[in-house]
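Please keep the sequence and the model in view while reading.

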Amino acid sequence: MRLWKSADPARKAISTIMLASATVTTLAASAQITHAADTASPATVAWLRDGQVEVRSLNSQDDKITEQKIPMGSMWKLFVYAYLQDNRVQEAAYTCTAKKDLRKNVREEQEKNEDLYCCEPGEQVERDSALARSCAPYFSPARLGVNDKAWKSYWQTRSDANWLQRTAQLQPDTQISVKDLLETLSKFSPQARAAARTALLETAVQGYGREAWAQLGTGIRYKTYSWHLPDNSAFGGAAGWLADGTPFWFGARGSSRSTLTTWASALATTLPAPRWVGINNIDNVGDEAHCVDVDFFARYPLREVLSATASATNAPARAGTLSGKYRLQFANGNSLDINSNGSLTLQRTPGMAPQITGRVSINDYVARVIDREGDASNIQAARSLAIAARSYLVQNAALDHGCWRIADSTTRQRVSANAPTDAALAAAWFTDDLILQGANIRYHNDSASNNRMSLKEATKQANQGWNFERILATSYPQASIASFNGKSDCKPLAAAQTWLTTTSASSKWQNILRREPGFEQPDAPPAICSLASGNPYSDQKRMRIYARGWRSLDERITLAHEYLHLALRFHPNGANEDYVEKLARRLIEGTT
């Protein structure tokens, strides 16, 4: 990107450095756990579970935990967010007024002040996007009218940390311990945590986590942070929750974006697996409020439902909740043994065949589809199917009394009546809240067509090393990944794409570029996506450019600049910002 490095997937390989030598230290929750932010390039992750803090070093065999503390950075906004959420404050949106200066030194200074990514001058930002974009002015206690008495009353029942007792202590340079941070995150109310998780999805897919989310998934939600240490080096990372609510913290030398990009793979294999027990209970107010009502065996009428427990083998099951083992006998003479976890209900109506329905969470539903339609053991193929199945649900189910309603049928999606396997749940939660937009989503076991994924082909591609994102991009070329709240990872700038496609193919550009070392015409014109905040950049993995427009001279130079990063991606020139900028200006302005 102009004045900054473009996205380069090759850098992700760095994340495996010395992973095999990672060490673990478990300490009682009463012990003080802190991280030395000013030692020689450590990368550390910690989480709180069962009253204990576990700490792992990602790049060292040294298991010594020092007593130094970490800067709060922009994490203070997460605590203000929880306060606003639980107190049902109805604050006004924040209107951006400051004009952004594109000069490098001014931009860096703005980043230090943490107000670069709120919104464009004259635009407004609301609470969820303000959190995801780390908009400091939005969460200013003075702007919000938050007084110390109300603030202390709210937090003193949740944390003993001194830095949470007065609003004046909500400063990026306030020193905090990892233990206090994790314990405070664990005390967020279910409502505040669920709301924060929804807001922070934007961070993972569109914000500073965009280069790491394909490794970390979206079941994990986090607030990024960064700060400048006394030696003027950067220290950054993220803090938030795993899919099951386990709080975690990660920190390393570098900005939040660079640390996440570098250590994503190591984090993915080091963080503990979520505990699936109870995670899909839709009766709990928490991480997932959506539900799905499934009409099981819609095309295969049941003749009888028998208990298969030792105490009541072959006895007709009573109407009501099904919990345990059962044998289903169908009208066509077939039978099926199932083990229900209490999410299924048996209805018996005199003179009619028995019917089974189920009410499950969306991720439980997606996992059951994976178990029935696909192969959960093939991780990348299962993740692809998870997003496709969730998309199919949204496009084809009906909303009925707050839940999606859909039939278990070969004309819809087939759904396992058994409790989902851990592997299928892992795929569903890894892709939590993600759907595809822009295409009518279909899939088939072995037959692919336009916007219809072949599950066999997806498995083959996964075995060849493709990740789920590449599989989906090939199967659904017109679609883009989006979330349930309607936010897509690519809002097309059609006019800008038309301009770049036409201009890049012109004889003027081609005559210049063919003489440039390393130039390779992209196989297809890159997609141009609208940039909501931050600096323009190119995504080499998905062949996209994120920008704001094309009409002004500066915007066209930016598009040319990012296009060159893609066209020179296999050559060292592609990482040379001065070279790329001069060539972009030559293409647009005609200068030599």
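Strands S22 and S24 pair in the parallel sense over four bridges. Two strands count as paired if DSSP finds at least two bridges between them, and strands (E, at least two residues) and helices (H or I, at least four residues) are DSSP runs numbered from the N terminus. The model is predicted, so local features need pLDDT of at least 70 and side-chain atom pairs count only at pLDDT 80 or more, while totals for chains, interfaces and linings use all residues. Residues are numbered from 1 along each chain as its sequence is written, and side-chain values use heavy atoms, with hydrogens and water left out.

The open sheet consists of three strands in the order S22-S24-S23, with mixed pairing. Its edge strands are S22 (527-530) and S23 (537-539), each of which pairs on one side only. From one strand to the next, the twist averages 25°; axes here are lines fitted to C-alpha atoms, for helices over the stretch in contact, and angles run from 0 to 180 degrees between N-to-C directions.

S23 and S24 (residues 544-547) run antiparallel and are joined by three bridges. Opposite Ile545 in S24 stands Ser538, and opposite Tyr546 in S24 stands Tyr537. Ile545 of S24 is also the bridge partner of Ile528. Both faces of S24 are covered: Arg544 and Tyr546 are buried on one side, and Ile545 and Ala547 are buried on the other. Buried means under 20% relative accessible area, exposed means over 50%, and partly exposed lies in between (1.4 Å probe, protein chains only).

## Salt bridges

A salt bridge is a side-chain nitrogen of Lys or Arg within 4 Å of a carboxyl oxygen of Asp or Glu. By this rule the count comes to 21 salt bridges.

| Pair | N to O distance |
|---|---|
| Arg127 and Glu91 | 2.6 Å |
| Lys179 and Glu183 | 3.4 Å |
| Asp293 and Arg405 | 3.6 Å |

Asp293 counts as buried at 8% relative accessibility, whereas Arg405 is partly exposed at 31%. Elsewhere, salt bridges that share partners join Arg197, Arg221, Asp432 and Asp433 into one network.

Arg127 forms its salt bridge with Glu91, and this pair also links distant parts of the chain: Arg127 lies in helix H3 (residues 127-132) and Glu91 in the loop between helix H1 (76-86) and strand S5 (94-95), 36 residues apart. Both Arg127 and Glu91 are buried.

Lys179 and Glu183 both lie in helix H6 (residues 178-186), four residues apart, about one turn of the helix. Lys179 is buried at 13% relative accessible area, and Glu183 is partly exposed at 25%.

## Positive phi values in two loops

Arg88, found in the loop between H1 and S5, has a phi near 50°, a positive value in a residue other than glycine. At 73% relative accessibility, Arg88 counts as exposed.

Asn451 has a phi near 55°, again positive in a residue other than glycine. Its place is in the loop between strand S19 (442-444) and strand S20 (452-454). Asn451 counts as buried, at 9% relative accessibility.
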